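Hi,

Here is the structure I promised to pass on to you. My notes on strands, helices and domains follow below it, so you can read them with the model open.

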Amino acid sequence: MTVTTGTFTTGTVSGGRPGVDVGRLAGGTVASGDRAGDLAALCAQRIFQPGPEVYITGNPYRRPIGAPGVGERDFSVPATEAEFLGSGQLIAGRVLCNAYESDMILLPPAGLGTAKADFDLFYGDEVRRLRDSVRPGLERYSYAFLDDAVPVPAVRTFDELQEYFLAEVGGAGAPADASGSNPAVDLTAPVGGTMRFITECRHPEEAAALHLIQLALDALTEASAMARNLGGSYGLEQSELFKIFVDEFGYGVYGAKHSTIFKEMLASVGLHTDVHAYWNFYLTSSLVGVNYFNWLTEDHRGVFRYMAAVSYLEWLFAQGFADTGAMLRAVYGDRVDAAYCDEHAHIDIHHGRMTYENLLLGLARAHGDLVVPELVRGIEDTKLLLRLGDADFRAQVSWADTLDEHTAAGAALASAANDDGVTATLRPDDPFSTGVHDSDRLVEVTDGEVDVHAWATDRPHRLGKGDVLLVPRSRLHGLKAASAQARVTVRTIERNPHDD
Amino acid sequence: MTRVVVMDLSRYNTVMVGHDRYFVLDTDGRRLLVRDHCPHRGGPLSLARRTPDGRRLSCPWHGTKVGVAAVRRTSLPMVRSGDEAVVLLPSDTGPAPVSVIHKEILANLPPEEPCAADGLVPPAALERDMNGEAVACL
C-alpha cells in the first residue's frame, strides 16, 4: 500500500454539489458576463500575479495563478475525467485553493512585516467578493466529472456498508487485523508502489522532495479543513472528530502539532518550511485532491462524503506513512527527521479504527440507510482521486527524471512539429510561473540559455541554443532565462499518447 | 518547598496543579488521588470507563486500556481523617497554581456493557467546576 501523492488528510454533485441537489447548481458556472469578469478580476489581483521568484517564501498570500490572461478562460463546461490533468483544472485548482484558504488564518512565521499590504488584500472585501462569485462555478468545473467517473456500488444498508468498507481497505492493502477493526501495520514490509518508484529513479532526492511538496500543500495547514466540521451539533460523531483533531493539533502543544513536525521533516532535508513556498510545484492532481476536502467541509452538504473519505484515508494512512518513512530513510539516510511519518504510522492506527467505528458506522447508525449512498460516494471519490493523483505524480517524476532523454527526443521530433510556433523572449527577472499544456509541445531555445523547472531542485535542466525539449501534455513546468536574454519557440506536435 | 493541599472529599474530587490534574479514583474500597493522564497520549482517565472485568480503564481518546493497578501507582501521598484529606503535592511543581474542584468522574462508574463502543464519551460527561479550597505551604 502506498500513499500515492498523499496529499489528502484530512480535507460534489448531480451537477456539482455534495448531497444531491441538481437544481442548486443553476447559475453556478463561470461562463460569461459578470462571473467571467470576476474571475479575470480575481486573477488580476497583485497577489495572484507571478513574480520573478521560483520559490515563494515569507509571504503566504502570494499565489500566482498562471501566465497573464489565464483568468479569461471559459470554465462553463465541466472538465471530464480525460481532462483531469488539463490546464483548466490547474488554474481552477489554484483559484479554489486560494478561495478556501482565505478563510484560514495564515501569518508569516517571521512576522507580517513587508507582507502587511498583501495580507490586507488577501483577506479584503474585494477579493472575498470575487472569490464568492467564482467559487461555485469553478467547483462545478472541477468536480462534476466525479458524477460520471465514480462507480455506484450496490451498498445500501448498514451491514452492506460495513462489509463494503472492510473489503475496500483490504483491497487497498490494509486489511483489518484479528480484532476486525484496527488496520494492521507492518513496519518491516518492503517498500513498494510509488514509494519504491521514488527510490529507484535516477534522482531520488528530487523525487522524494516533490512528494514532500505535494504533502506540504495540506500538511502545513494540517486539519484546517477538518476544523470546519468541528462546530455545530451532531452528536457522538462530533466528539469523535474532535478527539482526532486534538491529536492533529498536538494537544495544544506547538511542538507536537502535526504541521510543526512536518516542518521539521522538511527542514531536515533542506526544504523551505513556509506555507506554499513551493506553490509553483503543486501538481494539478494534488490541488484537486486537497481542494476536494476543503470543498466538502465548506459546503456542509458534503459532511457525509467527508466523514467517509476521512475514514477511508485514516485507515490507509497508518501503513502508508510507515512506507513513506521507509522511503525517506532510504533516500535521505540518517539526515531525514521522519518523526512525522512515525507519528502517523502510530496514531492513524487509532484514527483508522475511530473513524471507521464511530464516524462512518456511527453516522450510518445514527441516520440510517438514507445516508449510506453518500458515505459510499465519499469513499469512491477518494479512491478515484488517489488513483489519478498517483498516476500524475509518477508521470511527473518519470518526465522530470529524464529531461536529458526528452531533450534528445525533442531534437529527433523537431522536424515533425506543427507550424504553429509561438516565440517569446525571456529575461532572468521576468515573472515566473509554472503551467501545463493540453497537448504535447516542443520547446526550442533559439537564443541564449533557459532553465527548465520540472520539480524543485537547485539543479534545473539547462537548455542551450538549439536544444529542443519534448514536454508531454499535462507535465508541470516553468521556464526561466539562464542568460541575460533567451528566446524560445514553442510548437505543438502530434504523438501517440502511449509514447510518453 | 513541599506543599500540601487540604481537601474535603465529600465536596471535591479533583486537584489541579499547574497543568497537571489528579482525580479521586475509587478502587477496592479506597479513594486515591491519581493522575488524570493516559500514558498513551495524555487523555483524561477520569472520563474513562472501566472494562467489563473492572480491572482496566478504557481511555476516551484512543481506547487505550490502562490497568487500574498502574493508575494506582500514580497516586499522590494522602492522609485522611474522615472526609478530610491532606495531600502531599509533587515536589517538582514549584509555584504552580493549585485548585480543588468537583468534576464528573466516569472512571468510578460500574463497567460498561461489553457491546458499548470503546472510547465514546456519554453525553452526561459534563464538567462542573467549583471553587477550590485553601492551599497551605509548609
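In chain B, strand β3 (residues 20–27) and strand β4 (residues 30–35) run antiparallel and are joined by six bridges. If you want a place to start looking, B:V24 stands opposite B:L33 in β4(B). The two strands make a hairpin, with two residues between β3(B) and β4(B). In that turn, B:D28 has a positive phi of about 50°. Please keep in mind throughout that this is a predicted model.

Chain B also has an open sheet of three strands, in the order β5-β6-β7, with antiparallel pairing. Its edge strands are β5 (49–50) and β7 (65–67) of chain B, each of which pairs on one side only. Strand β6 (residues 56–58) of chain B is held to β7(B) by three bridges, and the two run antiparallel. Within that pair, B:S58 stands opposite B:K65 of β7(B).

Now to chain A, which has an open sheet of three strands as well. The order here is β4-β3-β6 (chain A), and the pairing is antiparallel. Which strands stand at the edges? They are β4 (461–463) and β6 (478–481) of chain A; each has a single partner strand, so one side of each is left without a neighbour in the sheet. On average, neighbouring strands of this sheet are turned by 30° against each other, direction ignored. Strand β3 (residues 450–453) of chain A pairs with β4(A) in the antiparallel sense, over three bridges. There, A:V452 has A:H461 of β4(A) as its bridge partner. As you look at these strands, recall that in a regular strand the side chains alternate between the two faces of the sheet.

The crossing of α12(A) and α13(A) is left-handed. On the α12(A) side the contact is made by A:F293, A:L296 and A:T297, and on the α13(A) side by A:R305, A:Y306 and A:A309. Sorted by class, the residues of this contact are four nonpolar, one polar and one charged.

The other crossing brings in helix α4 (residues 125–143) of chain A. From α4(A), the residues A:E139, A:S142 and A:Y143 meet A:V288, A:N291, A:Y292 and A:W295 of α12(A). By class, this contact of α4(A) with α12(A) has four nonpolar, two polar and one charged residues.

Last, the domains. Chain A is divided into domain 1 (23–147), domain 2 (153–400) and domain 3 (404–499). How far apart do the C-alpha centres of domain 1 and domain 3 of chain A lie? The distance is 26 Å. In the contact between domain 1 and domain 3 of chain A, 13 residues of domain 1 meet 12 residues of domain 3. The side of domain 1 that touches domain 3 in chain A has seven nonpolar, five polar and one charged residues.

Key:
Residues are numbered from 1 along each chain as its sequence is written. Chains are lettered from A and ligands numbered from 1 in the order in which they are written. This is a predicted model: local features need pLDDT of at least 70, side-chain atom pairs count only at pLDDT 80 or more; totals for chains, interfaces and linings use all residues. Domain bounds come from an automatic or database domain assignment. Two residues are in contact if their C-beta atoms, placed from the backbone, lie within 7 Å. Ala, Val, Leu, Ile, Met, Phe, Trp, Tyr, Cys and Pro count as nonpolar, Asp, Glu, Lys and Arg as charged, and the others, Gly among them, as polar. Two strands pair if DSSP finds at least two bridges between them. Helices (H or I, at least four residues) and strands (E, at least two) are DSSP runs, numbered from the N terminus. A crossing is left-handed if the near helix is turned anticlockwise from the far one by less than a right angle, and right-handed if clockwise. Axes are lines fitted to C-alpha atoms, for helices over the stretch in contact, and angles run from 0 to 180 degrees between N-to-C directions.
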